[in-house]
Amino acid sequence: MEELDCEPAITWIPGVNSKKKQMCFDWGPGEMLLCETSFSKKVDTSEKVPSCPFIYIVRKDVDVYSQILRKLFNESHGIFIGLQRIEEELTGKSRKAQLVRVSKNYRSVIRACMEEMHQVAIAAKDPASGRQFSSQVSILSAMELIWNLCEILFIEVAPAGPLLLHLLDWVRLHVCEVDSLSADVLGSENPSKHESFWNLVTVLVLQGRLDEARQMLSKEADANPSCASMCRILGDLMRTMPILSPGNTQTLTELELKWQHWREECERHLQDSTFAASPRLEALCKIMLGDEATLLEHKELLSNWYHFLVTRLLYSNPTVKPIDLHFYAQSSLDMFLGGESSPEPLDNILMAAFEFDIHQVIKECSIALSNWWFVAHLTDLLDHCRLLQSHNLYFGSNMREFLLLEYASGLFAHHSLWQLGVDYFDYCPELGRVSLELHIERIPLNTEQKALKVLRICEQRQMTEQVRSICKILAMKAVRNNRLGSALSWSIRAKDAAFATLVSDRFLRDYCERGCFSDLDLIDNLGPAMMLSDRLTFLGKYREFHRLYGEKRFADAASLLLSLMTSQIAPRSFWMTLLTDALPLLEQKQVIFSSEQTYELMRCLEDLASGRPGCGELDAQRLQDDDIETTKVEMLRLALARNLARAIIREGSLEGS
Amino acid sequence: MFVARSIAADHKDLIHDVSFDFHGRRMATCSSDQSVKVWDKSESGDWHCTASWKTHSGSVWRVTWAHPEFGQVLASCSFDRTAAVWEEIVGESNDKLRGQSHWVKRTTLVDSRTSVTDVKFAPKHMGLMLATCSADGIVRIYEAPDVMNLSQWSLQHEISCKLSCSCISWNPSSSRAHSPMIAVGSDDSSPNAMAKVQIFEYNENTRKYAKAETLMTVTDPVHDIAFAPNLGRSFHILAIATKDVRIFTLKPVRKELTSSGGPTKFEIHIVAQFDNHNSQVWRVSWNITGTVLASSGDDGCVRLWKANYMDNWKCTGILKGNGSPVNGTSQLGNSNPSLSSNTPNLQNSLHGSSAGRYFFPPLDSPRAGSRWSSCAQLLPPPAPLVEHSCDADSANLQYPHPRRGDRSRPLNPLPENEGV
């Protein structure tokens, strides 16, 4: 596929003088920062003061921020997901029917959006925004026009015969002034005297709406008896024009034969000058014979070349084959423009469609349209029709992914539409996942709710690194704000042992300072998460000791306390606190620590007091320096000795009995 | 692309760098006025300056954010020969009530004897590390072993590059297959031409950085350098700002083919080279997915480069100053995002785009009864719509700063425009 060469878009930055200065910039997740600067170190001193003291936020997809287009994005997302799930086994007619249904759904979303935009445009108070909305309406209208044609040619793949019926519907749908004109004329007191009466009749004939045209003619006949017979004859011709109707079983050859016959009759009337008395009726008859010169006299009513094309085919070659379309299209375009103007982008897109050049259609659309929505969805649908591969272009399916990735990235720039983007990335087999990974971790986590939403998305997709990172960010944020409970639960979720240790230490420090724990719920319900780090285990167990003590289960509390030290789970710096916690247990009336346990406690205390090598000189230092600590140690020694004596006596008497 | 907002920067001198944080909700700016400012985006989308403080005793060249896993941390580097690490303090003080935040200096990195020209945090999987480079030709890598104590940074590596360094870039790949890697560019303009881009790789065995490659073809001064996000590729993509924009791919040669233990060797290919900036290119930077490269050059433009689905690189957008002076009042108006969002702008396309081009012939006058006739004008030319957000105290948007003739920089007797 050859490259389309077009100049890159220029975005003007107000205030910056590109002739004298440069710009520094930075990429953000959805936006770009820009600012005037001067990189060259040889700055003229008089230029030191910034001439443009602004920082600019530059965004990519303008349409992403439109309130009305949001509906387009939201609703087409559902259709897109449905399409991805279409059973691959579905083949033949049922598959085609389903794809056509999907295509129609997309179009009805575009139409709904267009209606709404139109209402907004009418209601707009200032003319400038009214114009903006109107131009959006015409963009949407063009999208629908192109999509509809693609649907007929590529998805429906209508054969000769039905093809023209589809094209007629297409033209009728998009050149719809006739309806309001008709209402206007019929609503007037004397329709046949209305200034637009003949325009209306002509347009109806041009669009092949012959029944309505006939009714109009009968009004003329009533009002003007002199031409009543001419009207009747022309009306009969209209009535008898053979048309392929969907339910009819006649073959194409039969139709062609009948049509030929009918056409001869029309020609005969023209030759016999049946309508010579009324040039208007004669013109209508000529139109019905597909006379090009007459058709072109009604350029204004046809309004565009593709209407001309369809009318011309209707009255000259109603059973046109798809393969011949491009020939008629090209000649219609040439005749219609008549060398007076050159084709516009829309003309080129439609022409490419008539030529069945899908890639050209997509390429031209992506250049001309202001968003990726259209090309991404249309390409995806055509890919599902297995049209891109059949063109034998090696990058066929890559183009689908390329466009979907662009569209999804654009959605991620928006504070809420990003959620739709996730699913689009999911359906990009090659780079979808890695793109999602890069985008999702940049979603600002302003609220817990949003964070949980992002996490769920990552967890569903086993994006372990993103889950870890997000939890880590939240844990760090919580620690900085001194919300220890939240910090702990996030670090557990991140499975970040080092950070869990750090937070546990904070908890223990707070306990030492304040004598109580915060976030009891969390610590009491750690469960297996406790095993994440030694310090966290200790925190959980230590809290359990407090609970047992509070429930007066002293024996259990005592053995847990001791095991915390003997198993080395408790950090040595915390032993003094633990031993102090043992004091009230030692002072209870009944004996709680057995003699054996008491020996262990004594060993722990002496270990600590003597400051064994490797156990941290700081503790020993502190013990020596601090009078209170010395007193504590003495009290402990005393309590331990007394408890030992009681325990020995009790154990002796128990054994003795 | 369209300008969605403009913010009065209120720096008293040239701004040298702007930097988004990881989530794009904060930004930092640094300037020759020796200060750094931090800006926060409110829920309503307005930007407010929440901190502004003097950071250095010389021009501040670069400012950059650490990954939020490490908290709210900034690094800056300056002409005053230092780099500094800053941390935001969450406090209950009056600052919070006034909507201001407080940043404290955690460390000053004073090892350089010349201007520190670039500072970059390492990819987060390496821990909290940062690299600086300086005009004396040395790249220094520092590490904060305890992320909760940012006052301790140890100098882990000093890599001598033999040439005055202007820029560094870490390879962001977190793949186990890739060792930590840093690319260094030099803007040394001395006549004895040498290759200006060197790539150093960390060797697990020697625990040192060793030179893996030198890009022999790049002999002109290099002003900026940027590895692209990896996207799971086996090879690396490196963009270079020199007298033109260049994009290289670096494909690691399979280990068994090279002598074991030594640094990885690469097959280096140039995949794109653009001289559209006409002269020097000063900055290059990748978007977050590495699909678009932006470059800024002497032509005063920022250009966007993108590879299409056939891997052809093309310019897809230009951001250009319109040269008109800033008019304080005329830009204040539109604060309605839905309005500006409806500015039809043909910015996007497969290969490029064309703003302001007519898709359909303009409709001269709306015809009676024409609803959305498809021959209506499809796209009017985009009008620049700009929202201004500014703090009350900077409501005067017209050149609020008196010119300052000379500034004294006690530490640096050297004038900045000479030989650094």
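Residues count from 1 along each chain as its sequence is written, chains are lettered from A and ligands numbered from 1 in the order in which they are written, and side-chain values use heavy atoms, with hydrogens and water left out. As the model is a predicted one, local features need pLDDT of at least 70 and side-chain atom pairs count only at pLDDT 80 or more, while totals for chains, interfaces and linings use all residues.

**Helix pairs in chain A**

Two packed helices are described by the angle between their axes and the distance between the axes. Helices here are DSSP runs of H or I with at least four residues, strands are runs of E with at least two, and both are numbered from the N terminus. Axes are lines fitted to C-alpha atoms, for helices over the stretch in contact, and angles run from 0 to 180 degrees between N-to-C directions.

| Helix pair | Axes come within | Crossing angle |
|---|---|---|
| H6(A) (197–206) and H10(A) (279–288) | 10 Å | roughly 15° |
| H9(A) (252–271) and H10(A) | 10 Å | roughly 150° |
| H27(A) (534–550) and H28(A) (554–566) | 8 Å | roughly 155° |

Angles under 35 degrees count as roughly parallel, over 145 as roughly antiparallel, 65 to 115 as roughly perpendicular and the rest as oblique. Contact means heavy atoms within 4.5 Å. On the H6(A) side the contact uses A:Trp198, A:Val201, A:Thr202, A:Val205 and A:Leu206, and H10(A) brings A:Arg280, A:Leu281, A:Leu284, A:Ile287 and A:Met288. That splits into eight nonpolar residues, one polar and one charged. For these classes, Ala, Val, Leu, Ile, Met, Phe, Trp, Tyr, Cys and Pro are nonpolar, Asp, Glu, Lys and Arg are charged, and the others, Gly among them, are polar.

H10(A) also packs with H9(A), and this pair is roughly antiparallel with a left-handed crossing. Here A:Trp262, A:Cys266 and A:Leu270 of H9(A) meet A:Glu282, A:Cys285, A:Lys286 and A:Met288 of H10(A). The tally is five nonpolar, no polar and two charged residues.

H27(A) and H28(A) are roughly antiparallel too, and they cross left-handed. Among the contact residues are A:Phe538, A:Tyr542 and A:Phe545 from H27(A), with A:Phe554, A:Leu560 and A:Leu564 from H28(A). By class, this contact has ten nonpolar, no polar and three charged residues.

**Sheets in chain B**

Strands count as paired if DSSP finds at least two bridges between them. One open sheet of chain B has four strands, ordered S2-S3-S4-S5, with antiparallel pairing. Its edges are S2 (15–20) and S5 (47–54), each pairing on one side only, and the twist averages 20° from one strand to the next. Seven bridges join S4 (35–41) of chain B to S5(B), and B:Lys37 stands opposite B:Ser52 in S5(B).

The other open sheet runs S14-S15-S16-S17 in chain B, again four strands and antiparallel. S14 (165–170) and S17 (208–214) are the edge strands, and neighbouring strands are turned by 30° on average, direction ignored. Five bridges link S15 (181–186) to S16 (197–203) in chain B, with B:Ala183 opposite B:Ile199 in S16(B).

Technical notes:
A crossing is left-handed if the near helix is turned anticlockwise from the far one by less than a right angle, and right-handed if clockwise.
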